[in-house]
Every structure is written in structure tokens, then in C-alpha cells.
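Student: I would like to go through this structure with you, with attention to its contacts. Could we begin once it is displayed?

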Amino acid sequence: MIEGINLSKTYGNRNVLRDISLMIPKGEFTAVLGPNGAGKSTLLKILALISKPDSGEVKIGKQSFVNLKGELKRKIGILSHSSFLYPELTAYENLRFYGRLYDVRHLEEQIISVIKKVGLLLALNEPVYTFSRGMLQRLSIARALIHSPEVIFLDEPFTGLDQQGISLLQDVLKDLKSSQKTILMVTHSFEQGMEDIDRILIINKGQIAADFPTENLQSGDLKRIYFEKVAS
Amino acid sequence: MGRALALITTIIKKDLVSELRAKESVVTMVTFSVLILVLFSMAFEPSRETVREILPGLIWMSLIFSGILGLNRTYARERFNDCLIGILSSPIAPYHIYIGKAASSLVQLFIVEIITFPLYFVFYDLEIDGSLGILLLTMLLGSVGFILVGTFLAALTSSLRSKEALLPVILFPLLVPVLLASIEATSAIFAGLTLNQYLPWLKLILVYDLVFLVVPLLLFDYLMEVD
Ligand SMILES: Nc1ncnc2c1ncn2[C@@H]1O[C@H](COP(=O)(O)OP(=O)(O)O)[C@@H](O)[C@H]1O
Ligand SMILES: [Mg+2]
């Protein structure tokens, strides 16, 4: 479970998040939609305990960040716009590095397992600077999952992936959902990976403009609601 | 404790392997130090007496300038692809990142020292009257102090604009105590003074090292906050 309570954030004199509260139960897959600059990435970074809100509080599984910094981070995996990967190191070395930061048990097997999941086994010992944009994105997915996190945050994860990569990521997401992981995904697309999503959160101008389940949502409804909410 | 050590080692190894592949920092640092050393010896054709007087300052200044090149590099590498955010989103304590990065920078500085130090004997006809062992200890302690404060401040400046130019500007005033003490102790050892005569300088370096081992323990969390 993730809970954000009265989260606000300003950059300079810009109110990027205005008093956002939300609660995402364990095992739920939530998609966050919203126009550019709405504050989606900022919200994600705050919920993932990467950056601090100016006011408000984040709780993960009833534990507050204030009390339990390091241990909470162990439960979180994040896929951001940046890859967090070291170009001089190989795919294997990058995953081993992050795996060690999280004290992953049986790291060797875990590395092989996640690298297979993203279809990069053949590139395992290639240095990352030789990777294409799509390969980088796949390796970033592997990196985000190396420590089998309970909660996964994804910021526009489909960007840069080819058709094959897209269906691979959809499979990964399906997998995560079926193993009861909590997922929060910022996305621009109304189609990719939508069938597994339980709930939609629309963010506009730093506030929650809409929050509804995908149950009973007819095709076309989402687009209509989105433009209604974002235009107003 | 064991876990902390394992995390620190993980950071050090990662840094050194990256450096070994890219060979940017150490090569630049060594080139720079050797260049200074050779150019000075040609510019001054120093006699043995003047050498004794200027050499300690020259050795330390060239170490510090080349060290700054390395310090800027080590954080530039973390900023690329936002790797530092990746590290900070893991459970590692920021202080362990600090110690790890300081240690890997120190190893690189030692490599520079091991390569350049013998060259001073060649180019300057250097003779040491004091104990070589204590000289090496002084080099060690002084380098530790410099790298600790440098790693601390590089973390601060690396998030600012015009970071590379800013580091030396902020670093030098803070370096004065350890730099002065290291130069004084080195001079004394070159001249063969007794340990008692320069022990206060060594103690000053040691205190400085301890301060910059402890202060970041309190402050590094704030320095590493992500916006
Ligand atoms: N580190 C930062 N410093 C200053 N402004 C920022 C920073 N991060 C985001 N912003 C600003 O906050 C607003 C929201 O950004 P972001 O959360 O990335 O939006 P989104 O992901 O919804 O497109 C933007 O106007 C952006 O310029
Ligand atoms: Mg964004």
C-alpha cells in the first residue's frame, strides 16, 4: 500500500503539486495520466522517496518515511526518465552493482532471471555505452526489478521501446500484477498496457483532476473523460 | 558494520572499474602532474638548496590541482544518466556513498603519487635527510584530508551550475590548514629535523582528517537531497 497525505511541492515560485492526497492499495495497478508539466514525474519521485515534499507525508505499507528511511526504499523499484546506468560498465556489472546496494540474495541467479525477462541475455557482457535506446530502456526495467520490489513506479516506461519491447514490457507488467505487486505508472498513451490497469488518476496543474476505476469503462470513454478534465 | 563496509566496497569497486575502462581521470591527473614537475625543473634549473625550499610546496600544489581534476570527474560520472539518483533510491546511507567516493578518489590520487613521486628524485636531484617512512605517512595523511574535504565539496558544487570552475574556488580556503601543515611537515622531513619539531603539523593534519570524516556524517544527508 502507498499513501500520500497532503503532498505539496514548489520549485521557485511554481506550485508543482498542490495538496495531493492519494491512497493506492496493495496489488493495485494505477495509471497516472496528465498533460506535460502537470507534476506527474514530481509526484512519482516523491512517492518513490527520491525527493522530499515541501509538506505532507508518504507512507508505504503503514510505515512512514520519516521513521524508516533505508528499509522502506528496499521495497521500492523505480523506472524513471533517466536510465541510472553506467555506460562504461556492462549490463551484468550494472545489475550486480545495484543488486549489491539492495543486498539481493543469490544475486547471480537473480541477474540472469531479470535479464532474461527483458530479453537481453545475449548482451549481458556488453558495455552499456554500446546499447541502443530501446536496449537501455529494457536494461533499466531489469535494474528496477533486480531487488524484487513490492511497489513499482514507472515514468513513461514505453518511451523508446520498439514493438517487441512494448509487448515485452506488457508481459512484465502482467507478471508483476499477477504476483500482487503494487504498480504506479505514468503514461501518455491511452492504449499500451491498458487492459491490466485497475485505476486511472488524472493529474492536471498539480492536482488530482479525476480518480476512477477502469471497471465498466467503455472504449473511448477514457479519452473523453481525459479531455474533459484537462481542458477545464 | 560489515554491511556498511560491503556497501562502501561496492561503490569503490564500481568507481575504479569505470575509471579503469575510461582511463580519463588518472591519465589526465598523471599527465598534469608530470607536466608541472618537468616544466618547473626546466624553468628554474634549481640548486639543491632552493629545491629544498620550493619543492614541498610544488609537490603539494601539483597534487591538489591534479586531484581536483579527478574529483570533478568522479561526480560528473554520477550525474550522467542520473546514476546518483539511482544510488540514492537504494537503501544505502549517503555517508557510505561519501566514504566510498572518497576512497576511490584516494586510490586514484595514490596512483598519481606513486608514478610522480620518484620523478622528483630524477628531475630535482632530491635528497631526503629525514625518514622516508614518515614522509610517506605525511603524504598519506595529507592526501586523505585533501580528498575528504574535496569529496565533500565536490558533492556540493556538482549540483550547481559552472560546477567545475567553482570547486577550486570553494575548496582552497578550506584546504589552507591541511595544505600548510602538509607543506611544513614535508619541508621539515626533507631538512632532517627531529620529529618533535614538526609533530604539531602532523597532529594538525590528523585532526583535520578526523573532522572531515565526522562532519559529513552529520551533513551529507542534506547535501545528497534530490530536488
Ligand atoms: N528539479 C526541478 N527544478 C525546477 N523545476 C522543476 C524540477 N522538476 C520539475 N520541475 C517543474 O515542475 C513542473 C512539473 O514537472 P514534472 O513533474 O516533470 O511534470 P510531468 O512529468 O507531469 O510532465 C514543470 O513545470 C517542471 O518544469
Ligand atoms: Mg514527466
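Student: How many residue pairs are in polar contact across the interface of domain 1 and domain 2 of chain A?

Tutor: In this predicted model, the rule finds 4 such residue pairs between domain 1 of chain A and domain 2 of chain A, both residues being at pLDDT 80 or more. By class, the side of domain 1 that touches domain 2 has 4 nonpolar, 2 polar and 6 charged residues.

Student: Which residues belong to each domain of chain A?

Tutor: The domain assignment gives 1-75 + 150-161 + 181-232 as domain 1 and 84-149 as domain 2 of chain A. The contact takes 12 residues from domain 1 and 10 residues from domain 2. Taken over C-alpha atoms, the centres of these two domains of chain A are separated by 26 Å.

Student: And what area is buried between them?

Tutor: About 830 Å² is buried between domain 1 and domain 2 of chain A, and carbon and sulfur atoms give 54% of that area. The rule also finds 1 salt bridge across this domain interface.

Student: Which side chain does R74(A) meet in a salt bridge?

Tutor: R74(A) meets D103(A), at 3.3 Å from N to O. The side chain of R74(A) also meets that of E71(A) in a salt bridge, at 3.0 Å from N to O. R74(A) is partly exposed, with a relative accessible area of 22%, and E71(A) is partly exposed as well, at 43%.

Student: What about D103(A) and chain B: which residue does it pair with there?

Tutor: The side chain of D103(A) meets that of R3(B) in a salt bridge, with 2.2 Å from N to O. The count between chain B and chain A is 3 salt bridges. The salt bridge of R21(B) with E93(A) also links the chains, the closest N and O atoms being 2.8 Å apart.

Student: Why does that last pair join two chains?

Tutor: R21(B) lies in helix 1 of chain B, whereas E93(A) lies in helix 3 (residues 91-101) of chain A, so the pair joins two chains.

Student: Are those two residues buried or exposed?

Tutor: R21(B) is partly exposed, with a relative accessible area of 40%. E93(A) counts as buried because its relative accessibility is 14%, which is under the 20% cut-off.

Student: Turning to the whole chain interface, how many residues are in contact?

Tutor: On the side of chain B, 28 residues are in contact with 27 residues of chain A. The buried area between the chains is about 2500 Å², of which 58% comes from carbon and sulfur atoms. S89(B), P91(B) and D227(B) supply 22% of the area that chain B buries against chain A, more than any other three residues.

Student: How many polar contacts are there, and which element of chain B gives the largest share of the touching side?

Tutor: The rule finds 11 residue pairs in polar contact across the interface of chain B and chain A, both residues at pLDDT 80 or more. Helix 1 of chain B gives the largest share of the side that touches chain A, with 10 residues. By class, that side divides into 12 nonpolar, 6 polar and 10 charged residues.

Student: Within chain B, what does R73(B) pair with?

Tutor: R73(B) forms a salt bridge with E24(B), with the closest N and O atoms 3.0 Å apart. R73(B) lies in helix 3 and E24(B) in the loop between helix 1 and helix 2 (25-44) of chain B, so the pair ties together parts that are 49 residues apart in sequence. Both E24(B) and R73(B) belong to a network of salt bridges that also links E88(A), E19(B) and R77(B).

Key
Residues are numbered from 1 along each chain as its sequence is written. Chains are lettered from A and ligands numbered from 1 in the order in which they are written. This is a predicted model: local features need pLDDT of at least 70, side-chain atom pairs count only at pLDDT 80 or more; totals for chains, interfaces and linings use all residues. Side-chain values use heavy atoms; hydrogens and water are left out. Contact means heavy atoms within 4.5 Å. Buried area is the accessible area (1.4 Å probe) that two parts lose on being put together, summed over both. A salt bridge is a side-chain nitrogen of Lys or Arg within 4 Å of a carboxyl oxygen of Asp or Glu. A polar contact is a pair of N or O atoms within 3.5 Å; within protein, one must be able to donate a hydrogen and the other to accept it, and residues adjacent in sequence count only if both atoms are side-chain atoms. Helices (H or I, at least four residues) and strands (E, at least two) are DSSP runs, numbered from the N terminus. Ala, Val, Leu, Ile, Met, Phe, Trp, Tyr, Cys and Pro count as nonpolar, Asp, Glu, Lys and Arg as charged, and the others, Gly among them, as polar. Domain bounds come from an automatic or database domain assignment. Buried means under 20% relative accessible area, exposed over 50%, partly exposed in between (1.4 Å probe, protein chains only).
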